[in-house]
Amino acid sequence: MESMGKVLVINYEKCTGCRLCELVCSVMHDGISNPARSRIKVMKWESEGLYIPMSCQQCQDAPCMNVCPVKAISRDEELGRVVVDYDVCIGCRSCVAVCPFGAMSFNTIDKKVFKCDLCDGDPQCVRFCEVNAIEYIDADDISILKKREAAERISIAGKEAAVLQAAA
Amino acid sequence: MPLDRKIAYIDLTTGDIQIKPIPLDVRKKFLGGRGLDAYLLYNHTEKGCDPLSPKNTLMISGGILTATCASATARTHVMAKSPLTGLLGSANMGGFFAPEMAWAGFHHLVIKGKAKHPVYIYIHNGEIEIRDARDIWGKSITDSQWALREDLGDQEVKSLVCGPAGENLVRFANVMTGIKNAGGRSGMGCVMGSKNLKAVSVRGTMDIKIARPKEALEYNKRFIDQIVSAKVNQTQGALGTPFIWGATNSWGGIRCRNFQYNQCEYADDIEPERIDEICEETMGPYHMTGCFGCQVHCRAQYKIPEGPYAGVYDEGPEYTSQGAFGGETDTPRAVTVLTGNHLVDKFGMDNLETGSLISWAMELYELGIITSKETDGLDLRFGNDDAVIEMIDRICYRKGWLGDTLADGGIPASEKIGKNSFDYLIQVKGMSNLHSDERATPGLALNIATGSRGSDHLRSRPAIDLYHLPEEVLRKIYGNPVPYDGPLSSEHTEYIGKPWQVFWQENCYMGVDCLGICKYHTTFLGATLPNFEDWSKVILYNTGLEMTPEEIWDVAVRCNMIERLFNLREGLTREDLKKGDMLNHRYFDEPCRRGAIDVVGKKIDKEKFIKMVDEFYEHKGLDKNGVPTPERLKKLGLDKEPSHLM
């Protein structure tokens, strides 16, 4: 599978706070515009201009999965995601209570818990985010990218230090 | 369904609230947003009512596509009789308010009366209550919004507020939401203040069912691809609207020293790149932010780099603030522009009007028409940065003789100042012009002269006229969705064909304002961006309503006509310098002194200008006096107004 091992990576610094991800998420899943139905949610501190999109981390040792009293939540290794089996779910919301990221939500209209399902391998939030604040990439690549960014910072710092030294 | 969003009639005097559906036949005639607001204004205000009396009616709305899966449906529209002009008052802003109001169940609010003490309206999932705002009165635009969130115990609440300027009845006070999303021009915040209405707060989690979700989603993607592929939007997304400054100032389209020059010299410190540098230094590499669902992200974030407000966070500055606090006043320094921008955001006051009036007062001061007696000792010469900043504060709080005088708007101020001060006031219908200089661009001059809310660049400006597009491209744009085979010219200094372009743009902008979409997503700054044909599909996929591009065009023509009817009812006459479709004499008498070679020496030819207005009237279906012909009214279904369908 092409999408095997792929994960959602959020770079909140790039987020412009437009919330298009929330819109397309709810339209894609429910045919309805309503951010309350969105699996992704942009948390905002407007007075500082800070916007942080929050979504499911698809944890390996997922607290929602562990806490579920009827074992309705499991890991789908093929897509690297945590899924809810609605035939088994009793709607007790234990998973909502235990998720450390607030990524499991409860829909008060349909009376169901819901979370990110990675749109079965084609996450719409990623597709619509032109600034690439949300990306869907191989888990292996994340640390390489971060290494490269960190290395760049070290290099820049080194050059700046050299300039300062020369000026002194 | 988007179409099941409701309208609420709220009487602040009695506390009566009535919630009603919006009939489908009214939708088809006026769609929503500004168009339907114009219908409501005409039907719910009495002829000649005092704009600051409880009888004035304030409309707040989203468009028919607000919060659907269309692109950038972020706009909120506000309308009332203007306390600045006595004619049509109308303001439009981005942000997140209208979508939240749609999720709370409403598209339109009609607010009448006056509350006994400061109140705010809270709308939550179909329910409306009027709450005490006495503790919030007096607070700034942002402090008010955070206080409302505290009061309601919900950080997701979105509010539309008036600031100290609105409370102090500054005639050009804004309605605002977020940090700097401003419903500017024509004093809608002043109307809120006059009603003791501090804010409208909304919170909604109600479903909006999309008619054809798959198609809506795919079409939105296509729409976005088209929008972000336009160079103009890419530039805008990197630099914000300040990008316009660079080009416009270089050819000579910026008012400097009120109207003495058409170019601001020594302005490197407020060039878009310099502003961007400050944003990057204070906010980091990713410092652009966007309104709801918009991928253009044209709004910059910054902190004021130095001075008494150093370190304060704000958004912008827009092109308008560069002109208002840099160009017109001849104070082209970043810190002045950024500080001025922050103060008007904080006070909730129109930046264009404020800067324009200050620069007018500066010219009067230098001419000796006003003296240090009127300025209470303030040295109001051009180029005095501190005086600009001080005047913003004085206007908002009506401090001193001049602050209090200017707070009443240009025409009342000119009557109070007397002498020949009016001759220097750059306004149409009592509303000051943007900092742009239209002497070299007859099409743009016609636009500001005939704009329904006064001198304005957002009602009918053929901005793409400046691009010298080949005639066949112009024909493709301006020949749809209704045929046009009259003359068109690629030359922006020409008079030929401009009336049709202005008429077409007037309908295009009315279209987006009815849909609730931002103008950066249509034929405004980008010639390749979507209009009527695309809207027909977007409306269908999102609402299920079938409308041809021609039918949407007809709605736009109709809505513009009802704005015209309102203005005529309230006293518009064609050549009235204070209430008509006429420019200040300086456009005809004083040639441009700076700028590009084909701009220097240019002024508007009055005879040709009058002919343009004649032709524009013909397109609109107006007679020589600017009054609609009975045939056109009948054709548009407006022969029985006010018809009180709602």
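At what angle do helix α12 (residues 334-347) and helix α14 (residues 385-396) of chain B pack, and how far apart are their axes? The first view below answers this. All views show a predicted model, in which local features need pLDDT of at least 70, side-chain atom pairs count only at pLDDT 80 or more, and totals for chains, interfaces and linings use all residues. Residues are numbered from 1 along each chain as its sequence is written, while chains are lettered from A and ligands numbered from 1 in the order in which they are written.

**View 1. Helices α12 and α14 of chain B pack together.** Their angle is about 5°, with the axes 10 Å apart. Axes here are lines fitted to C-alpha atoms, for helices over the stretch in contact, and angles run from 0 to 180 degrees between N-to-C directions. Because angles under 35 degrees count as roughly parallel (over 145 as roughly antiparallel, 65 to 115 as roughly perpendicular and the rest as oblique), α12(B) is roughly parallel to α14(B). Look for B:T336, B:T339, B:G340, B:L343, B:V344 and B:F347 in α12(B), which meet B:D385, B:V388, B:I389, B:I392, B:D393 and B:C396 in α14(B). Two residues are in contact if their C-beta atoms, placed from the backbone, lie within 7 Å. Helices (H or I, at least four residues) and strands (E, at least two) are DSSP runs, numbered from the N terminus.

**View 2. Domain 1 of chain B meets domain 3 of chain B.** An automatic or database assignment supplies the bounds, giving domain 1 (2-203), domain 2 (243-432) and domain 3 (442-635) in chain B. Here, 40 residues of domain 1 are in contact with 30 residues of domain 3. On the domain 1 side, the elements that give two or more residues are α1 (24-30), α2 (33-44), β4 (76-81) and β5 (88-93) of chain B. Of these, α2(B) gives the most, with seven residues. Taken over C-alpha atoms, the centres of domain 1 and domain 3 of chain B are separated by 27 Å.

**View 3. Chain A touches chain B.** The contact brings 24 residues of chain A to 33 residues of chain B. On the chain A side, α1 (20-30) and β2 (32-33) are the elements that give two or more residues; α1(A) has the largest share, five residues.

**View 4. Strand β2(A) pairs with strand β13 (residues 208-209) of chain B.** Two bridges join these strands, which run antiparallel; pairing requires that DSSP finds at least two bridges between them. Within this pair, A:I32 stands opposite B:K209 in β13(B).
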